[in-house]
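The following exercises concern a predicted model. Please work through each task with the sequence and the coordinates at hand before reading its solution.

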Amino acid sequence: MASVIGDEEPVSLSEAPVRSLNMIEAINDALDIMLERDPDVIVMGEDVGYFGGVFRATAHLQEKHGKTRVFDTPISECGIIGVAVGMGAYGLRPVPEIQFADYIYPGLDQLISEAARLRYRSAGEFIAPMTVRSPFGGGIFGGQTHSQSPEAIFTHVSGLKTVVPSTPHDAKGLLIAAIEDNDPVIFFEPKRIYNGPFDGYYDKPTKPWKDHPDAKVPEGYYSIPLGKARVVREGQALTVLAYGTMVHVAEAVCREKGVDAEILDLRTLVPLDIEAVEKSVEKTGRCLVIHEATRTSGFGAELAALVQERCFYHLEAPVERVTGFDTPYPHSLEWAYFPGPIRTGEAIDKLLGA
Amino acid sequence: MAREGERGRYNRPRLSLHVPEPQFRPGDTVDFSNIPVSEAGAQARPDEACQPIETTALCYDLVRVLGDDHRAHGPWDPRLAPDELRQMLRDMALVRAFDERMYRGQRQGKTSFYMKCTGEEATSVAAVHALASDDMVFPSYRQQGILIARGYPLIEMINQIYSNRGDKLKGRQLPIMYSSRAHSFFTISGNLATQVPQAVGWAMASAIRHDSRIAATWLGEGSTAEGDFHSGMTFAAVYNAPVIFNVVNNQWAISSFSGFAGSERTTFAARAIGYGIAGLRVDGNDPLAVYAAVRWAADRARSNNGPTLIEHFTYRAEGHSTSDDPSAYRSAREREEWPLGDPIMRLKQHLIAIGEWSDEQHREMDLALAEEVKAATKEAEKNGILGHGMHHPFHTMFEDVFEELPWHLEEQADQAIRERQIKWPQ
């Protein structure tokens, strides 16, 4: 196995020079490295070429790697994913960008019925080794078509892996692992934390990534295995299962309340690091599941079900869920929708009071 | 109570919705004299490197080579050697013999489902004869002719149809949804037109890699209504991808006639022009015309002159599949009245007309092919038929979802195996 940077394995790369990067720069770095290392890697999507992407994630990549490795596509998500399936069948390793997760729906048939099923239906003759990158989540006043978190649609599909990074360090290592993976991976990038960790206080100045310990990104190649959670902080009082932006919200709330919480950043939703979940919940006996996506049939429901199935006799309180509301993401009331410190704090109080 | 808006509109003409209706329904007598049948040999053949717009007239005409005299005519005559013509005839006849036997097998309960391509054999067999054997094909579900023409063993096809223990696809796919990477034949999807942008992506990859192989895809006229078709056409035009779109217009999408895909307004070939793609409309029951058109498109793609859409104008002589009864929605007379004849008969008569074949040879060939199919069927049946327990081991159900089995699938596999032990203890 290639060198790994994970919490469990601090590895020789700790000696690699480290730069402070925001999440966009870390993603750009990962793409750059993979374009360099593997001639099969192709980066494509709306506005990703000359312009470098609406969030700049592909900036300068076309200039460096050429127009047939990094290019713009027509505005057709069905076409982008469909073409990526064909490229994968040829033997390339496409990394399509869907400009916003909210735009991914026209490509669902190609993802769900095709990319996710090729290996199975052809008994391994054809595979879809693609990584679909897409910015997701709210908190940037994007309204209902630029704010959604549709991860549960994809975790529900057999044959897809779903990854959500929460730091620049992880974004780079996980993206490299996703690109190298021989299965189709949905790589959701929480765009609210592209430029800095967000603690949920929208009315306070945003902090940049610069001084955050997880913004220290080793130079060069490293990968973080899919399916491994990260312990953000250890604790005894309760377990918080989080991913993406909500890792930072949970961290801030627990710090403010002085709660000795153990926070798990799941990083990969499918395949899930069930061992890490079980280990933590068995220790603390209390579990909070938190995500920004809508509540009903959200991934939190799956987590809550798994925890009660597997850790029931260790539980001292019902599993709590903190989620977005079951409404479209409202533009003007975005912060009323967002599962911020109040909703999270109440759920923690309830768990600890039980 | 009339609202204000309605009062303001009362003087305008009333709108009406047009819902297409086919010409003939069950019991109707059939008269196809309204279908224009162009004279064989009368269509111009532009240079393969021409501008797409130069193919406009050909999108409304019908490229035909074989005339009523059974001779080849005009600039589209591909001038194939008699051996190649006989091979094409044999491949088409084998497809028909295979279809007959598999259809019967389904009726005998040996499998769940089958689809014939009777009357449409040329649109796959003659087309693939015009491609290189390593050109990648992205078929729909009625192109068994491609596999047969590329020499895929019949027994493998039958194993797949029976979903038995010999099925290379491990019994996971509906019958006839073949896959064979070794024959450059992409895994067939049951979802329609998804293969179209995939073929374009493969062709783009081939061009990115400066390869010499091209891609070809097939879809029915009905599924040109899918967004995937239009996405695929757009990408092909944008990147000048080396790809051929074969639209098999067999007039019927299950029970919906081609009018529900827009045929009342224009031809399917004419779709190409709006995208800036070359378009050809060919007599799909004329194997020489099909060959010539695909060869033209293949040469065009291979010389970096871009994609072509070919409408193969043909007729679905049988039902959509074993699951529908065509006599419930269309006139049984259509098949007999179809003005473009039968592709196997036409090629047979052509070969006889040029002194390269005889009725006697044809009869002998048909008998030999029926025997070949029968022998392959018997051999495949040794591996079992659907529902008789001779399937792949239970654990294979969980394999190939991912490259490696994650914990949740391992747990579910254990459950499935436990259930099996309870059901069949031994």
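**Exercise 1. Determine whether A:Ser280 is buried or exposed, and state where it lies and what it touches.**

Step 1. The relative accessibility of A:Ser280 is 1%, and therefore this residue counts as buried. The classes are buried (under 20% relative accessible area), exposed (over 50%) and partly exposed in between, with a 1.4 Å probe and protein chains only.

Step 2. A:Ser280 belongs to helix H9 of chain A, residues 274-284. Helices (H or I, at least four residues) and strands (E, at least two) are DSSP runs, numbered from the N terminus.

Step 3. Apart from neighbours within four places in sequence, A:Ser280 has contacts with A:Thr239, A:Glu262 and A:Leu264. A contact requires heavy atoms within 4.5 Å.

Conventions. Residues are numbered from 1 along each chain as its sequence is written, chains are lettered from A and ligands numbered from 1 in the order in which they are written. In this predicted model, local features need pLDDT of at least 70, side-chain atom pairs count only at pLDDT 80 or more, and totals for chains, interfaces and linings use all residues, while side-chain values use heavy atoms, with hydrogens and water left out.

**Exercise 2. Describe the surroundings of A:Glu334.**

Step 1. A:Glu334 is part of helix H11 (residues 334-337) of chain A. With a relative accessible area of 0%, A:Glu334 is buried.

Step 2. Beyond four places in sequence, the contacts of A:Glu334 include A:Gly139, A:Phe141 and A:Ser147.

Step 3. A:Gly139 is 195 residues from A:Glu334 in sequence, yet their C-alpha atoms are 6.8 Å apart in space.

**Exercise 3. Characterise the overall build of chain A.**

Step 1. Chain A contains 12 helices and 14 strands. Its radius of gyration is 19 Å, close to the 20 Å from the globule rule for 354 residues, so chain A is as compact as a globular protein of that length. The radius is taken over C-alpha atoms, and the rule is 2.2 Å times the number of residues to the power 0.38.

Step 2. Of the 354 residues in chain A, 65% are buried.

Step 3. Where contacts in chain A join residues at least 6 apart in sequence, 78% of them join residues at least 24 apart.

**Exercise 4. Examine the salt bridge between B:Glu336 and B:Arg333.**

Step 1. The side chains of B:Glu336 and B:Arg333 meet at 2.6 Å, N to O.

Step 2. B:Glu336 and B:Arg333 are separated by about one helical turn because they are three residues apart in helix H11 (residues 333-337) of chain B.

Step 3. B:Glu336 is exposed, at 55% relative accessible area, whereas B:Arg333 is partly exposed, at 39%.

**Exercise 5. How many residues does each chain bring to the contact, and how much area is buried?**

Step 1. Chain A and chain B contribute 46 residues each.

Step 2. About 3700 Å² is buried between chain A and chain B, and carbon and sulfur atoms give 61% of this area. Buried area is the accessible area (1.4 Å probe) that two parts lose on being put together, summed over both. In chain A, A:Tyr90, A:Tyr120 and A:Arg121 lose the most area to chain B, together 22% of what that side buries.

Step 3. Two salt bridges are counted between the chains. B:Arg209 pairs with A:Asp40 in a salt bridge, the closest N and O atoms being 2.3 Å apart.

Technical notes:
Salt bridge = Lys/Arg side-chain N within 4 Å of Asp/Glu carboxyl O.
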